Every structure is written in C-alpha cells, then in structure tokens.
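Subject: Structure handover

Hi,

Here is the structure I promised to pass on. Have a look at it first, and then read my notes below.

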Amino acid sequence: MGLKIEDITYTYESGTAMSVNALNHITTEIPDGQFIGLIGHTGSGKSTFVQMLNGLLKASSGHIYYNGEDIDGDGYDKKALRANVGLVFQYPENQLFEADVLTDVEFGPKNLGLNESARKARAEKALNLVGLSEKYWKASPFDLSGGQKRRAAIAGVLAMEPKILILDEPTAGLDPRGRDEILGLVRDMKNQLDMTILLVSHSMEDVAEYVDRILVMNAGQIMLDGTPREVFSHVSELEAVGLAAPQMTYIMRDLAAAGLPVRTDCLTVEEAAAEILSHRDAIPAAEKGGSHA
Amino acid sequence: MLKDVTLGQYYQTDSWMHRLDPRVKLLGTLSYIIILFVVNSVPGYLVCGAFLLVCVLLSRVPFGYILRGLKTIMVLLLITVLFNLFLTPGEPLVSFWKFTITKEGLTFSIKMAVRLIFLIIASTLMTLTTSPNQLTDALESVLGPLKKLHVPVHEISMMMSIALRFIPILMEETDKIMKAQMARGADFDSGNLINKIKAMVPLLVPLFISAFRRANDLAMAMEARCYHGGEGRTKMKPLVYRKGDVGAYGVLCAFLAACIVIRVMGV
Ligand SMILES: Nc1ncnc2c1ncn2[C@@H]1O[C@H](COP(=O)(O)OP(=O)(O)OP(=O)(O)O)[C@@H](O)[C@H]1O
Ligand SMILES: [Mg+2]
C-alpha cells in the first residue's frame with residue numbers, strides 16, 4: 001500500500017514576517033517496493049517533505065495516509081509509524097550519543113520495547129548491513145571517521161527494520177569514495193531487504209543509475225515525476241531550476257546535434273558507450289581514419 | 001515549545017523602531033524599567049502602558065509574537081503574584097482555611113504583575129528590534145567611560161553578543177537533534193519525571209558536543225582573522241545619532257518626567 005500524500009502544504013513560522021511557504025499543495029504516492037530519488041535545488045523543500053512522511057512535522061493542510069490510515073488522525077500511533085517509516089536525517093552523525101557504537105544502534109530497537117537479546121541481534125545485523133566491521137562496535141562513536149560515523153547512524157535507523165527507508169542526502173559532505181560506498185550500500189539494501197527507499201539528493205548523478213522513479217521538487221512543488229529517462233529528457237526545465245541532467249545526457253545530445261543518430265536518453269557511461277559504438281557505421285569513413293591518426 | 005522563547009531573539013523587519021539608534025533603545029529600556037518601579041498609581045501605570053503600546057505599534061512586530069514570550073515566564077509570574085497575595089500582612093479581605101488575602105496584598109500583587117509584564121514586554125521588544133551586533137555596539141558605547149577604570153568593556157559586550165547570537169542557533173540544533181531521535185522512536189513527552197530526565201540524555205549529549213564544536217570553530221575563525229580584543233579596534237558602522245534619535249530622546253525624557261510628576265503629585 002505504502003504512503004499516499006494528498007494536497008500537503010507546510011508553512012514555517014506561520015503568522016510572522018518570517019513565514020516561509022516550504023511546501024505548496026503536494027500530491028503524490030509512494031507505493032511499496034519502489035526505489036525513488038527525490039531531487040531539488042537547495043531550499044526546495046525536500047527535507048521538509050520527508051519530515052512530514054513520518055509525522056515529525058504536521059502538515060498545515062492536507063493529509064498523509066500510511067497503508068490507508070490518516071497519520072494525523074485521532075489516536076494514530078506515531079511511534080509505530082516511525083518504526084515503519086525510517087528517516088535518516090541530513091548529517092545523521094550528529095545524533096550519536098552513546099558510549100559505544102553498538103549501544104547507540106540499539107537505541108531505536110530499545111524504544112520499540114524489544115528485549116535485550118532481540119535488540120542486540122538487530123543492532124548487529126544492521127551494523128553488518130552497513131559494513132561496519134566488528135572491531136568498531138565497542139568503539140566510541142566519536143572516535144570514528146566521518147564516513148564510519150555516517151554508517152553507524154544509518155545502522156541506527158536500519159535496526160528499527162523499517163518498511164520504508166528515507167535517506168536525506170546521505171552523501172552530503174563525503175568524499176567521492178565515501179559517496180560511492182554509501183550509494184552502493186543503499187542499492188544493496190534495496191536488493192537484499194526488499195524495502196521501499198526514498199533517496200534525497202541534489203545530484204542527478206547520484207540517483208540516475210539506481211532509482212526506478214525520480215521526483216523533482218522546486219519551490220515546494222513537485223515539478224516532474226517519472227522514470228529517470230523521462231525526467232532527464234526535460235533538460236531545459238531542469239536547468240531552469242538550477243539542476244542538471246547527468247553528464248552523459250549532454251554528451252549524447254551534442255552528438256545528436258552534430259549529426260550522429262544516437263539515442264539521447266542514455267544515463268550511464270556504459271550505456272552511452274554501447275549506443276555510440278552501435279552507430280559506428282554511420283560515421284563517415286574519412287572521419288574514422290582521421291580519428292585513428 | 002521551543003518556539004515560544006522570544007526573549008533574546010531578533011525579529012527581522014523594517015520599522016521606525018528597528019531603525020532607531022540602539023543606544024536610544026538600550027537607555028530607553030533601562031530607564032523604562034527603573035520608572036516602572038517609581039510609579040505606583042493607576043494613572044502612572046496607564047501612562048507606562050500607553051507608552052509601551054505606542055512602542056510596540058511602531059515596531060511592527062505582531063502583538064501575538066511578543067505575548068508568546070510572556071508565556072514562558074508565566075510560571076515565574078504566577079509564583080510571584082501568589083506569594084505577594086498571601087504573604088502580605090494588612091487588612092484582611094477574604095480568608096479561607098489557613099490563607100488570608102489582604103487588601104494590601106491584593107494591590108501589591110496586581111502592581112507587581114503589571115510591572116513584571118511591562119518589564120518583560122519592554123526588554124523583549126528591545127531585543128526583537130535590535131540585532132545582537134547593534135546591541136553590542138550600543139552597550140560598548142554606553143559603558144565606554146568605564147574603560148578608564150580598566151573594565152574590559154569591549155570583551156564583556158563581545159561575550160554578550162556571542163551568547164545572544166547563539167541562542168537561536170542552539171535552539172535550531174536542539175530541534176534537529178530532537179527530531180532525529182524521535183525518528184528513532186525516542187519519546188520526550190510522556191512518562192514520569194525520571195523517565196523524562198532520562199530521555200534528555202540522547203538530546204543533551206549531541207547538543208553539548210555540537211555547542212563545543214561551534215565554540216571551538218568560532219574561536220578559531222576569530223583568531224584566523226587576527227581578533228585581539230578591543231585595543232585600537234575601529235568600527236565599520238560607527239554609531240551616529242540622527243535627528244530622529246534626538247527626537248526620541250526628547251520623547252523619552254518627556255515620558256520619564258511625566259511619570260515622575262505623577263508620582264510626586266501623588267495622583
Ligand atoms: N526550521 C525552519 N524555520 C524556518 N524556515 C525553514 C526551516 N527549515 C527550513 N526552512 C525553509 O523552508 C524551505 C525549505 O527548506 P528545506 O530544508 O526543506 O529545503 P531542502 O530542499 O532540504 O534544502 P537542502 O538541499 O539545502 O537541504 C527553505 O526556504 C528554508 O529556508
Ligand atoms: Mg535538506
């Protein structure tokens with residue numbers, strides 16, 4: 001069933017001169033099992049939007065339904081919702097507080113009321129999933145490197161075994177290697193755990209390869225919604241709101257403009273290479289020779 | 001809950017009150033608070049209230065926003081009023097069980113409540129309309145003469161402005177960490193007192209860590225820009241009185257004089 005979002009609006013500091021309309025009438029659906037990328041320029045309302053999905057912020061107007069039930073309804077169990085919809089915040093390492101990593105990861109399961117052995121089992125499973133090896137489990141979370149801290153924090157949410165996992169810019173502030181590791185991790189989790197994943201990012205490259213569907217946010221609204229191919233075919237609209245399509249899209253577009261009849265909706269380097277090679281015959285013989293010289 | 005703390009925050013907008021020289025606002029607030037304890041009759045309080053109302057209107061800060069600040073000190077206010085109400089000796093008015101409300105107690109506690117409410121509104125209004133930077137400049141300039149007595153005026157005002165500046169930052173940080181822990185199932189609202197205090201640990205540890213980190217970063221950034229205290233330091237925007245400010249001083253003096261006259265005449 002998943003999440004259903006109906007006409008959501010959110011205003012920060014409403015009623016003062018600083019009031020900000022962060023979300024404007026958003027309607028969409030997050031069905032079970034999808035891997036969704038949520039992209040948008042800084043300040044477009046991504047973080048605000050994801051905080052509504054597990055009831056941390058209450059919509060100024062509109063409704064959100066989880067498995068058909070209104071999450072703002074009377075007597076709705078928010079704690080159960082948060083166990084089902086796991087949210088990893090931007091810079092999640094700022095939430096670490098326990099004396100050692102394992103105990104910190106156990107915090108979530110403990111709040112769910114699990115007994116000691118069950119929460120230990122969950123914590124160990126989560127730490128293994130994020131690839132944090134056993135020698136760090138008893139270390140202080142503050143002694144870990146940035147990337148390791150982030151893994152520990154993600155494990156803290158994973159240990160609650162949510163059905164839907166939302167990651168708010170999990171790669172912010174990491175080096176390229178750390179970024180690839182975290183993204184690889186997210187993809188593996190998707191394959192292994194059969195979760196619904198919502199990955200927030202402002203980099204197209206991050207999401208293009210992995211996700212089934214992309215939501216593009218701009219100024220508190222959903223501007224585009226579709227498969228990566230569909231979304232990246234709207235290059236000029238994306239550019240108008242300060243985003244960009246993946247590099248490959250541009251190369252293929254320029255090649256097409258130069259007369260090579262290639263498809264322009266390639267997303268990854270491999271795909272683009274195969275596409276270009278399949279048009280080898282279209283390149284005039286003289287130019288072929290020239291390029292070899 | 002956290003959003004209710006308006007004392008010490010700056011409300012950004014453009015108004016006559018915002019543009020007023022910060023020294024006028026600082027001295028004005030100070031003398032207003034003193035005069036609140038000088039007047040002690042109904043007409044006196046009416047004049048004080050009217051003056052405050054005009055200031056609030058001139059500031060263009062929504063009234064509800066200022067009142068929200070009062071909510072947080074309601075408890076303190078109630079305790080003060082209750083103590084005065086029951087513990088002032090005098091002519092009994094009502095009495096039940098062991099408590100007696102006296103006529104003196106009633107008038108005194110009403111006065112106290114009015115004074116405290118006006119005092120808080122006035123000081124809230126000052127910080128709402130004066131940015132921390134301006135406030136520091138004003139403080140430094142007003143306390144300037146003390147430098148001759150080797151009082152570290154600049155350092156004191158710098159510390160004050162940093163403290164003020166950090167209030168909203170720390171509140172934002174608290175909000176973020178609270179949400180992050182709530183996403184992990186933490187519960188800050190229910191349970192008995194002991195549980196509530198225990199629930200603060202996951203909030204306070206990260207908060208302190210981040211506060212220390214910020215303090216450290218700030219110290220480093222200040223040193224990197226060769227900050228060395230007040231000695232020989234000039235200002236980018238030195239405070240200069242303009243015509244309106246002089247006028248404001250005039251109005252302030254007239255108001256203070258009126259209050260003193262009311263007190264002396266015993267109206
Ligand atoms: N606590 C807050 N108080 C007031 N305004 C806020 C608050 N948090 C966010 N905003 C405003 O709401 C809008 C949306 O912010 P949001 O954090 O959702 O953006 P974002 O898309 O996550 O940006 P980023 O990519 O920088 O994380 C922005 O204009 C921001 O200034
Ligand atoms: Mg964000």
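A definition before anything else: helices (H or I, at least four residues) and strands (E, at least two) are DSSP runs, numbered from the N terminus, and the expected span of a helix is 1.5 Å times one less than its number of residues. Some housekeeping too: this is a predicted model, in which local features need pLDDT of at least 70 and side-chain atom pairs count only at pLDDT 80 or more, while totals for chains, interfaces and linings use all residues. Residues are numbered from 1 along each chain as its sequence is written, chains are lettered from A and ligands numbered from 1 in the order in which they are written, and side-chain values use heavy atoms, leaving out hydrogens and water.

Chain A as a whole

There are 12 helices and 10 strands in chain A, and its C-alpha trace spans about 75 × 50 × 35 Å along the principal axes. Of its 293 residues, 48% count as buried (under 20% relative accessible area; exposed is over 50% and partly exposed in between, with a 1.4 Å probe and protein chains only). Taking contacts (heavy atoms within 4.5 Å) between residues at least 6 apart in sequence, 62% join residues at least 24 apart.

Helix H6 of chain A

H6(A) covers residues 176-193, which makes 18 residues, and it reaches 25 Å from first C-alpha to last, close to the 26 Å expected. Its buried residues are Gly178(A), Ile182(A), Leu183(A), Gly184(A), Leu185(A), Val186(A), Met189(A) and Lys190(A). The elements covering them include strands E3 (35-40), E7 (164-168) and E8 (196-201) of chain A, along with helices H4 (116-129), H5 (146-158) and H7 (204-208) of chain A. Just after the helix, Asp194(A) takes a positive phi of about 55°.

Most residues other than glycine have a negative phi. Over in chain B, His150(B) has a positive phi of about 65°. You'll find His150(B) in the loop between helices H7 (132-143) and H8 (153-183) of chain B, exposed with a relative accessible area of 74%.

The magnesium ion

Which protein atoms are donors of the magnesium ion (ligand 2)? They are OG of Ser47(A) and OE1 of Gln90(A), lying 1.9 to 2.6 Å from the ion. Ser47(A) is in helix H1 (residues 46-53) of chain A and Gln90(A) in the loop between strand E6 (85-88) and helix H3 (101-111) of chain A, so the pair ties together parts 43 residues apart in sequence. Donors here are N, O and S atoms within 2.8 Å of the metal (3.2 Å for Na, K and Ca), and water is not among the atoms, so sites may look incomplete. Gln90(A) is partly exposed, with a relative accessible area of 31%.

A histidine in chain B

His18(B) lies in helix H1 (residues 16-19) of chain B and counts as buried at 6% relative accessibility. Leaving aside neighbours within four places in sequence, its contacts are Tyr10(B), Tyr11(B), Thr13(B), Lys25(B), Ser59(B), Val61(B), Leu128(B), Thr129(B) and Gln134(B).

Cheers
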